[in-house]
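I wanted to get my bearings in a structure I had not opened before. These are my notes, in the order I looked things up.

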Amino acid sequence: MAFCMHLHAYPATTLPHTSNTSLLFLFSHKPSKFLSFSSTQHNGQVPVSFSFEPCSLPSASLSTTSASHELPPNFTPKQLLDALRRENDAEMALWVYDWASKQPNFKPILPIYEELLRKLGIEGSFDSMKRVLEEMKGVNCEINESIFLIFVESYAGFGLYDEVVGVIDMMEKEFGLDCGTYAYNFLLNVLVDGNRLKLVETVHSTMFSKGVRPDVSTFNILIKALCKAHQIRPALLMMEEMGSYGLSPDEKTYTTIMQGYIEEGNLDGALRVREQMVEAGCMPTNVTVNVLVHGFCKEERIEEALNFVQEMCAQGFCPDQFTFNTLVGGLCRTGHVKHALEILDVMLQEGFDPDIFTYNSLISGLCKMGNFEEAMEILEQMVSRDCAPNTVTYNTLISTMCKENQVEQATEYLRALVNKGFLPDACTFNSLIQGLCMSKNDKTVMELFKEMKHKGCHPDEFTYNMLIDSLCSRRRMDEALNLLKEMELSGCARNVVTYNTLIDGFCKNKRIEEAEEIFDQMELQGVSRNAVTYNSLIDGLCKSNRVEEAAELMDQMIMEGLKPDKFTYNSLLSHFCRAGDIKKAADVVQTMASNGCEPDIVTYGTLIGGLCRAGRIEVANRLIRSIQMKGIVLTPQAYNPIIQALFKRKRSKEAMRLFREMMEKADPPDAISYKIVFRGLCSSGGPIGEAVDFLVEMLEKGFLPEFSTFLMLADGLCALSMEETLSKLVDMIMKEAKFSESDISMIKGFLKIRKFQDAMANLGRILNSLRSNRGY
């Protein structure tokens, strides 16, 4: 059978761009077994010849030279509807409709228009949709609410929410249709899902003013809107209002409010609503139970979650995929991976196949616990069960390798994945960049950054922030500034972290003017400054002795609604203490306390240091006593300045008494504490035995002496003919510092032949080479 026709496109005279194959089956219910297709273009028209063997269409024979071709008399609208449904291209569907609508036997029916409008709506062809709507009006086709709801859904799909609301006016004013409860509910729900809560209020007011009676669905949608806006109390009041309309809350009403409470982090509130639901005789659904299970897991109340599931199972609840996944996810997040694997076994026994969420939760949990090998085993199990790993899966594994300082292995693993077709995203590159930044591999990290851009993967703010931070920490400020400019050119959002990192970097590099320029840029770029922004610049100004400007900046900070914190005050305090202005330093502490910012141990330590430098040791001592009375545990930073000041004034016994007090009542002494005491004992002219005993104690605690101080002790021991004691101390130092066998033999050799100068010179050289790795 042959079916030949001229097809004319609307509005152009040429065929819309589409595959030829889509035309072959346009009016066929079933695919043809044999077909031939030929087309030639002539005078802007496209004569197309179809030949089907067999064909499901009614028999027709039309000449290819005919000026006009018609649908066969027995052609049904259902055939056209089926053809439209099979056509994925909206432009082509419109073209077919236009051709069919011009035929004498065309019969317009509502489903044809609904199908066509949906296809056009998906592609955002709103002008074409309006034109089709006008044609419906022209052919007197029935137009009802469903047509306009397609417009609502289509506009919402492209974020055109003002147009969504305008659909009501179009219905009522242009087509004379009254918008009923169902239509209003549909419209309200679309606006709530789009988070357009102001428009929800407007539409609800219109609904109320027009006397459209709400139903349970209306209330449920409005309650969902209030919960989204974190207005749980008004949501509860709205539920109570349902009774005045003769309506009762259903399981969706209660569940929505429970979800709202859980999103606010108030599971107990959700459980109270559940009790209310039970008292009202409203049976919970699987959704209700799953929402509460999620709530328990979100608040890490895993044991209660498991008990709750058991309780609900006893009442007829059957756990589903979501239930199992939620429990697995909750157990993995709280470090109970072993129990999560047991849940996985139960899941399999119940006939549920683990999905991507299940496996990703397990892999993430195992990686966090440091069980990387087991995570790889889960990956193998995942693949064997035909569950394809996704970007999240691989990114978790790559991130774990990078955090464990296995960046090279992570890079090799990524290369292998790319060879298998895996496309790395920004998160993948960010993990590698973070690992390289942590390992201070500057050259490789910038090469990777270039490769990331070369592969078409756009760096995000996290990428740039990590690189800027890395460059700032290495004093490469100009390169960091160039990255900020690159962010601007590429359209990447610069956030407060970006600017704070640069301001802090410039301040630490004593480039305050440039830090101030970045500070001013933030306002121009519309980026809100936070406390960290101000604190970084205030600290920089204080260290540059521009304290008056720092104080003015603190006033500006307060005017912008930000409260100065301990970091703000401590910067000012440090400046005044360094300058020896104890009165102003004390004023800062007093202002700090009166503004509700409790001084911390850093504050007190800074003030004590300032008092000691000013020679006011007794005041510093009294301050320590008052701090102890407040129950604050002191740190070495508070004791060290007083101990040092006492040694300088040859008050060694008081200094040692304070050191022993620190050991008993405060945090353990640090390397600085031991350095101060050892130096004090060696230079105070006291008994040499006390210095020797303290050095032994110091070494037993794992602290190495400063070589210049030890040399003083060594000279004293040699002067007193205590070479044997010196040799023993040198042995202890070499053992603690983990000298090589050759170095130990060499130094011992010098000591044996009494070449003490050579022994000390080599000891000092090796100790100084280790100094960078064994901070004091």
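Is Cys 472 buried or exposed? I checked, keeping in mind that this is a predicted model. Cys 472 has a relative accessible area of 8%, so I put it down as buried, the cut-off being under 20%.

**Around Cys 472**

I found Cys 472 in helix H24, which covers residues 461-473. I then listed its contacts, leaving out neighbours within four places in sequence: Met 477, Ala 480, Thr 501, Leu 502, Gly 505 and Asn 509. I also looked up a distance to Lys 508, which sits 36 residues away along the chain. The C-alpha atoms of Cys 472 and Lys 508 are separated by 9.0 Å.

**Other cysteines**

Next I looked for disulfides, and the structure holds zero of them. Cys 141 comes out buried, with a relative accessible area of 11%. Cys 492 is buried too, at 9%.

**The whole chain**

I stepped back for the overall counts. The protein chain has 776 residues, and buried ones make up 47% of them. Its secondary structure comes to 41 helices and three strands. I also checked how far along the sequence the contacts reach. Taking contacts between residues at least 6 apart in sequence, 60% join residues at least 24 apart.

I picked two residues here, Glu 251 and Thr 255. How exposed is each of them? Glu 251 is partly exposed, with a relative accessible area of 30%, whereas Thr 255 is buried at 8%.

Not counting residues up to four places away in sequence, Glu 251 touches Met 277, Cys 282, Met 283, Thr 285 and Thr 288. On the same terms, Thr 255 touches Val 287, Thr 288 and Val 291. So Thr 288 turns up in both lists. I noted one distance for Glu 251: Val 287 is 36 residues away in sequence, and the two are 9.1 Å apart from C-alpha to C-alpha.

Asn 185 was my next stop, in helix H8 (residues 181-193). I have Asn 185 as buried, because its relative accessible area is 7% and the limit is under 20%. Its contacts, leaving out residues up to four places away in sequence, are Met 207, Asp 215, Ser 217, Thr 218 and Ile 221.

Then I moved to Asn 195, in the loop between H8 and helix H9 (197-209). Asn 195 is partly exposed, with a relative accessible area of 46%.

I looked up Lys 650 next, and its phi is also positive, near 60°, in a residue other than glycine. Lys 650 is in the loop between helix H34 (636-648) and helix H35 (652-665). Its relative accessible area is 55%, so I wrote it down as exposed, which takes over 50%.

**The largest nonpolar core**

How many residues are in the largest nonpolar core? I read off 240, and the members touching the most other members are Ile 643, Phe 710, Leu 713 and Leu 763. Helix H3 (residues 90-101) provides the largest share of this core, nine residues.

I followed up Leu 713. Setting aside neighbours within four places in sequence, Leu 713 is in contact with Phe 678, Cys 682, Ile 688, Ala 691, Val 692, Leu 695 and Leu 729.

**The largest pocket**

Last, I went to the largest pocket, which holds about 380 Å³ of space. Its lining has 18 residues, and those nearest the centre are Thr 411, Arg 415, Thr 444, Leu 448 and Glu 451. Which helices supply at least two residues of the lining each? They are H21 (407-419), H22 (426-438) and H23 (442-454). H21 gives the most, with six residues. By type, I have the lining down as eight nonpolar, five polar and five charged residues.

Terms used:
Residues numbered from 1 in each chain as written. Predicted model: local features only at pLDDT ≥ 70, side-chain atom pairs only at ≥ 80, totals over all residues. Heavy atoms only, no water. 1 Å grid on protein atoms, 1.4 Å probe; cavity = no way out; pocket = protein on both sides within 12 Å on 5 of 7 lines; lining within 4 Å. Points joined across faces, edges and corners; volume = space filled by probe spheres on them. Helix = DSSP H or I, 4+ residues; strand = E, 2+ residues; numbered from the N terminus. Nonpolar A, V, L, I, M, F, W, Y, C, P; charged D, E, K, R; others polar. Core = buried A, V, L, I, M, F, W, Y, C linked by side-chain atoms within 4.5 Å. Buried < 20%, exposed > 50% of the residue type's maximum accessible area, 1.4 Å probe, protein only. Contact = heavy atoms within 4.5 Å. Disulfide = S-S within 2.5 Å.
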